[in-house]
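Biologist: Thanks for sitting down with me over this one. Could you walk me through a few of its strands and helices?

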Amino acid sequence: MTLDRVCIIGAGSSGIATAKILHQKGIPFDCFEKGSGVGGNWRYLNDNGMSSAYKSLHINSSKRNMEYSDFPMPDDYPDYARHSQILNYFEAYVDHFGFRHKITFKTEVVRVEPLSDGTYNVTTRNDAGERTESYKAVIVANGHHWHPKYPNFPGEFSGTVMHSHHYKTPDGMADKNILVVGIGNSACDIACETARIANQTFLSTRRSAYILPKYMLGRPLDSYLTPFFFAMPLWMRRIYGQILLFLSRGSQAELGVPVPKHPFLSEHPTITSDLLNMVGYGRVKMKPNVKELAGDRVRFEDGTEEAIDVIVYGTGYQISFPFFDKNFINPENNHLPLYKRVIHPSYPNLYFIGLFQPIGAIMPIAEWQSKWVADILAGEVVLPSPVEIKREMEIEEKRVKQQYVDSPRHTMQVDWHPYVNQIKREMKRKAKKQPRSRVVSQTGHETVSEHLV
């Protein structure tokens with residue numbers, strides 16, 4: 001029995017942020033990682049089988065906006081570091097704060113079961129077999145970029161098919177016709193990389209996207225994501241952003257990439273400094289959505305068709321928790337309502353870290369989430385009433401639907417500084433001193449239990 005302990009699932013960028021905060025706060029925990037090392041998605045060829053990193057991957061957030069608050073990235077790192085440098089940074093972070101011994105590697109969490117008293121049975125599996133222990137709280141930090149989502153196009157394709165999750169290098173694609181489906185960050189990176197060796201690369205998109213360069217007017221793109229920017233009304237942010245975009249790279253339509261019909265800032269950003277050049281060179285040709293697969297050919301909604309050898313689906317990911325029974329938690333269409341993207345309103349002592357899509361970088365936001373959860377676990381901070389939680393969740397869901405395109409991709413969107421400010425306000429809900437045997441659950445009810453610290 002480990003009822004005085006917390007279980008952390010995953011040792012990626014969010015999991016290690018949580019582990020570090022709990023470690024410093026003196027809250028006992030076990031962190032389980034399926035692979036043999038930390039880093040999660042940023043460990044290229046991770047032996048946990050869940051990394052989507054490809055060999056040429058670089059970050060899309062600049063290093064100063066991606067780093068943890070108390071552990072800066074090395075000065076000699078470029079603005080946009082490669083995946084191996086980010087992994088080295090995570091390794092140094094864990095060793096610097098001294099909690100590596102609290103992470104159990106090569107151990108998969110296979111089952112999490114809620115118990116009637118608000119605790120959880122957690123079953124793990126490794127070379128020694130399966131083991132089940134009970135924990136006071138569970139923190140889920142398993143990431144959401146590992147379960148590929150495929151489109152369902154009519155017809156059959158006789159060539160090679162893969163998802164961007166499985167793409168590592170362009171080896172074997174020389175002199176072939178490549179179709180990349182999707183216009184997110186990975187899809188654009190893969191289209192540009194394959195275009196350098198392919199006979200022809202095509203990029204298919206339903207809605208197109210606003211293409212943002214990594215640098216604007218000589219500065220990293222996210223250096224403009226200041227508190228002042230987010231304090232502007234949405235309509236003003238849209239105008240300001242589009243002016244900066246036009247000044248930095250002109251009209252994307254004139255460069256060959258269709259302008260979306262939806263408003264600017266109503267989708268997760270697509271950041272690439274290469275795509276417009278590759279389209280201008282003719283190495284990447286834009287195509288509308290796929291209409292039908294026809295053997296070695298693909299037909300598109302504009303009536304054209306192309307001979308294709310390889311299809312790469314850059315069509316995103318499903319939120320997935322293989323350790324939860326579907327009758328317990330089963331997100332449909334990536335919809336998992338959470339209070340402040342962290343707390344499940346129906347299950348006390350269950351937390352989610354890093355389960356969001358930010359305008360900005362995940363790491364520093366996950367760090368703030370971890371600080372908030374640690375304060376709750378320590379009994380220093382309480383949650384609002386269930387009625388307030390429900391109302392706040394409804395307001396936030398309505399805001400997301402009003403701002404963003406209606407798509408499973410946008411069910412978890414948050415804006416960097418406004419969201420962090422929300423978490424800081426939650427951390428000001430200081431708990432009144434209570435008897436040691438009583439804690440406040442997430443539903444607002446007191447339950448008898450030993451204190452966690």
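**Strands first, then helices**

Modeller: Gladly! Strand β8 (residues 160-163) runs parallel to β19, the two being joined over four bridges. Keep in mind that this is a predicted model.

Biologist: Which residue of β19 does H163 stand opposite?

Modeller: β8 and β19 pair in the parallel sense. Within that pairing, the residue of β19 opposite H163 is Y313.

Biologist: And what is the bridge partner of V181 in β19?

Modeller: β9 also pairs with β19 in the parallel sense, over four bridges. V181 belongs to β9, which covers residues 177-181. Its bridge partner in β19 is Y313.

Biologist: Are the faces of β19 covered or open, and which residues lie on each side?

Modeller: In a regular strand, side chains alternate between the two faces of the sheet. In β19 (residues 310-313), both faces are covered. The buried residues are V310 and V312 on one side, and on the other I311 and Y313.

Biologist: Now the helices. How many residues of α8 are buried?

Modeller: Helix α8 takes in residues 362-377, and at 1.5 Å a residue its 16 residues should span 22 Å; the end C-alpha atoms are 22 Å apart, which agrees. Just after α8, G379 has a positive phi of about 75°. The helix is mostly covered, and the number of its 16 residues that are buried is 13.

Biologist: What distance separates the end C-alpha atoms of α9?

Modeller: α9 has 18 residues, 386-403, which at 1.5 Å a residue should span 26 Å. The model agrees with that, as the end C-alpha atoms are apart by 26 Å.

Biologist: Which elements do the buried residues of α9 pack against?

Modeller: I389, M393, V400 and Q403 are buried in α9. They cover an arc of only 105° around the axis, so they are on the same side of α9. On the other side, V387, K390, I395, K398, K401 and Q402 are exposed. The buried residues pack against α6 (234-249) and β22 (413-415).

Technical notes
Residues are numbered from 1 along each chain as its sequence is written. This is a predicted model: local features need pLDDT of at least 70, side-chain atom pairs count only at pLDDT 80 or more; totals for chains, interfaces and linings use all residues. Side-chain values use heavy atoms; hydrogens and water are left out. The expected span of a helix is 1.5 Å times one less than its number of residues. Buried means under 20% relative accessible area, exposed over 50%, partly exposed in between (1.4 Å probe, protein chains only). The arc is that of the directions from the helix axis to the C-beta atoms. Contact means heavy atoms within 4.5 Å. Two strands pair if DSSP finds at least two bridges between them.
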